[in-house]
Amino acid sequence: MQLGLVGLGKMGGNMRERIRRAGHTVVGYDRNPDLADVHSLAELVEKLPAPRVVWVMVPAGAATQSTVDELAELLSPGDIVVDGGNSRWTDDQKHAVELGIKGIGFVDCGVSGGVWGLENGYALMYGGDAENVAKVQPIFDALKPEGDFGSVHAGKVGAGHFAKMVHNGIEYAMMQAYAEGWELLEKVDAVTDVREVFRSWQEGTVIRSWLLDLAVNALDDDEHLDKLRGYAEDSGEGRWTVEAAIDHSVPLPAITASLFARFASRQDDSPQMKMIAALRNQFGGHAVETKK
């Protein structure tokens, strides 16, 4: 199969290599000419035989929208666009309508695997009409991990990114639980080797996971994480998960708390904690700390 791939960063570049290793041809475009096989989207489309499949791996939002808009003018009826970035699922529905007017198919695909995907494969969650999915299936098969699992046709357009959004929300909560447990272990004098406690959990426990393995890797590099600042960004999916939960009246206390914990990490001097300290002083005479 021949594929056009737009966006050759950390994820896209490795995906191109994995697809090529499976025997397919990939024509890649990136704004960085050192990474690209062609120098424009127009040239990418020209290089592909019809019907074409073009996979987009660019940042969600404006970058994805502008790429879809340009492809809508370059592609022909019967071609397919796959959005494999971290787009919001509601944007998928919009893109499907915009492209559908021109007879161009659309498939959304949530991709998980990060920098390990090249060797281990990528977990794929895709949404769209069965006919369009079938045309992309050889690429899905090339990207997925070996074995029976690791990819799913999740449903209609938007289902792939919705599933990936929920996946990332769960990931937020799992990481927060590991982080809280690690901090508590570090605080207790009786526990003298927190890193080895984490390592011991990698076999035979109900909380073993790939995230736990990665936590051990991080502790091997920096045993007490002294080199890091306690600051964590969020890429959007956690927020969207919480917003979707509100829209559908589904309680998500653990995922919501993990998202808010990230917000708290960005405050060197939390205004909320100032009010809590002031209130505790007012009602209970508890001591407060003042700025030096």
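**Rings, charges and a helix pair**

Me: Arg266 lies over the face of Tyr231, 6.0 Å from the ring centre. What counts as a charge over a ring?
Reply: NZ of Lys or CZ of Arg must be within 6 Å of the ring centre and within 35 degrees of the ring normal. Arg262 also has its charged end over a ring, that of Tyr172, 3.6 Å from the centre. This is a predicted model, with local features needing pLDDT of at least 70, side-chain atom pairs pLDDT 80 or more, and totals for chains, interfaces and linings using all residues. Numbering starts from 1 along each chain as its sequence is written, and side-chain values use heavy atoms, without hydrogens or water.

Me: How are the rings of Trp116 and Trp210 arranged?
Reply: A pair of aromatic rings is described by the distance of the centres and the angle of the planes. The centres of Trp116 and Trp210 are 6.3 Å apart and the planes stand at 80 degrees, so this pair is edge-to-face (centres within 6.5 Å, planes over 60 degrees apart; six-membered ring of Trp). The structure holds 6 aromatic pairs, and Trp55, Tyr126 and Phe140 form one aromatic cluster.

Me: At what angle do H1 and H6 pack?
Reply: Two packed helices are described by the angle between their axes and the distance between the axes. Helices H1 (residues 10-21) and H6 (residues 130-143), DSSP runs of H or I with at least four residues, pack at about 100 degrees, axes 9 Å apart. H1 and H6 are therefore roughly perpendicular (65 to 115 degrees). Met15, Arg18 and Ile19 of H1 meet Ile139, Ala142 and Leu143 of H6, with contact taken as heavy atoms within 4.5 Å.

How values were computed
Phe/Tyr/Trp six-rings, centres within 6.5 Å; stacked < 30°, edge-to-face > 60°. Axes fitted to C-alpha atoms, helices over the stretch in contact; angles between N-to-C directions. Helix = DSSP H or I, 4+ residues; strand = E, 2+ residues; numbered from the N terminus. Parallel < 35°, antiparallel > 145°, perpendicular 65-115°, else oblique.
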